[in-house]
Amino acid sequence: MSRARRFRLQVFRIAVFVVMGLFFLVPIGSMFEFSTRGNSATAPRNLDAWLNIVKTPELSEAIIASLELAVITTLAMLVLPTMVWVRLRFSGLSRVIEFICLIPLTVPAIALVVGMVPIYRWININVNDSILTLAFAYLILVLPYSYRALDAGLSAIDLKTLSEAARSLGAGWATVMLRVVMPNMSTAILNASLLSVALVLGEYTFANLLAYENLQVAIAYVGLVDAGTSIAVAVASLMFAFVLLLILSYLGRRQAPFAQAAAADYDLAQTVGLSGGVIGRAGR
């Protein structure tokens, strides 16, 4: 029975993998096939649409701007230590912070944009009209997804014990964050980063209504003139997200042993510190 059950489970896993693979790969393959068509039914296939990605200045600038926004948004999301401080100092506010972080999911994007128009009008006049200011709006959109990913990572570790052990050994808060917290939740950080990058690269509403040209807006504009090139850019962006997912997954597996070793080192250091304190009090 056990062998038959394992066989059925393996067949089920393979079936799910094949179905989900076809669900994702068939549309991407169709898009690639469309992007390589010639200008007529009898024309041979070519890669002109893919070459136009580099030759079109608007697309190149939009791709660079979207990648810069993705990096800035991800770093801003990771630098904010709100969740760590709430768990360490203000545990009673965890529900309130969770509610605030989930608000962007309940408010339509068009309503958020309308509310931010006066703010961005003031920013464009008094600060800067660069497209990189969109990182502020994107940070709000990323909060619900990054919160869940980081909250899962923080729930998997004893944050208070680790931080108190490090602080008792003389570590500053920067050292606690960089050498204690981050190594123990590297997988959660990578997941939150991937979600942030995917959202920024696929966002259209904010950029379009605020009169900025990011990757998705540029794809829409190019699609009005050259559908093949716009489809090629869309396929390239999907493949970029897929490759990024594989890289982050690989890094997560490589960093997992390091995180376990770091946790063991600090547990040992805590034990030694507590033992030294007990011996010192006994001597006195």
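# A chat about a helical model

Student: Starting with S237, is that residue buried or exposed?

Tutor: S237 has a relative accessibility of 18%, so it counts as buried. Buried means under 20% relative accessible area, exposed means over 50%, and partly exposed lies in between, using a 1.4 Å probe and protein chains only.

Student: What sort of model is this?

Tutor: This is a predicted model, in which local features need pLDDT of at least 70 and side-chain atom pairs count only at pLDDT 80 or more, while totals for chains, interfaces and linings use all residues. Residues are numbered from 1 along each chain as its sequence is written, and side-chain values use heavy atoms, with hydrogens and water left out.

Student: Back to S237. Where is it found?

Tutor: S237 is in helix α13, residues 227-283. Helices (H or I, at least four residues) and strands (E, at least two) are DSSP runs, numbered from the N terminus.

Student: What lies 2.6 Å from a polar atom of the S237 side chain?

Tutor: That is the backbone oxygen of A234.

Student: How many helices and strands does the protein have?

Tutor: There are 13 helices and zero strands. Buried residues account for 33% of the 284 residues.

Student: Among contacts between residues at least 6 apart in sequence, what share joins residues at least 24 apart?

Tutor: The share is 75%. Contact here means heavy atoms within 4.5 Å.

Student: Now T229. Where is that one, and is it buried or exposed?

Tutor: T229 is also placed in helix α13. Its relative accessibility is 2%, so T229 counts as buried.

Student: Which residue does its side chain join in a polar contact?

Tutor: The side chain of D226, at 2.6 Å. A polar contact is a pair of N or O atoms within 3.5 Å; within protein, one must be able to donate a hydrogen and the other to accept it, and residues adjacent in sequence count only if both atoms are side-chain atoms.

Student: And which residues is T229 in contact with, leaving aside neighbours within four places in sequence?

Tutor: A49, N52, I53, L59 and V222.

Student: L59 and V222 came up there. What does the contact between α3 and α12 consist of?

Tutor: First the geometry. The axes of α3 (residues 57-79) and α12 come within 8 Å and cross at roughly 160 degrees. That makes α3 roughly antiparallel to α12. From α3 the contact uses E58, L59, A62, I63 and S66, and from α12 it uses L215, A218, I219 and V222. By class, that is seven nonpolar, one polar and one charged residues.

Student: How are those terms set?

Tutor: Axes are lines fitted to C-alpha atoms, for helices over the stretch in contact, and angles run from 0 to 180 degrees between N-to-C directions. Under 35 degrees counts as roughly parallel, over 145 as roughly antiparallel, 65 to 115 as roughly perpendicular, and the rest as oblique. Ala, Val, Leu, Ile, Met, Phe, Trp, Tyr, Cys and Pro count as nonpolar, Asp, Glu, Lys and Arg as charged, and the others, Gly among them, as polar.

Student: What about α6 and α7, how do they pack?

Tutor: Helix α6 (residues 109-126) and helix α7 (residues 134-155) pack at about 150 degrees, with axes 11 Å apart. They are therefore roughly antiparallel to each other. L112, M116 and Y120 of α6 meet L134, F136, A137, I140 and L141 of α7. The contact has eight nonpolar, no polar and no charged residues.

Student: And α7 with α10?

Tutor: The angle between α7 and α10 (residues 186-202) is about 160 degrees, with the axes 8 Å apart. These two are therefore roughly antiparallel as well. By class, their contact has 12 nonpolar, four polar and no charged residues.

Student: Which residues does T73 touch, not counting those up to four places away in sequence?

Tutor: T73, in helix α3, touches A135, Y138, L139, V142, S196 and V200. At 0% relative accessibility, T73 counts as buried. A polar atom of its side chain lies 2.7 Å from the backbone oxygen of L69.

Student: Last one, where does A211 lie?

Tutor: A211 lies in the loop between α11 (205-209) and α12 (215-223). Its phi is near 65 degrees, a positive value in a residue other than glycine. With a relative accessible area of 69%, A211 is exposed.
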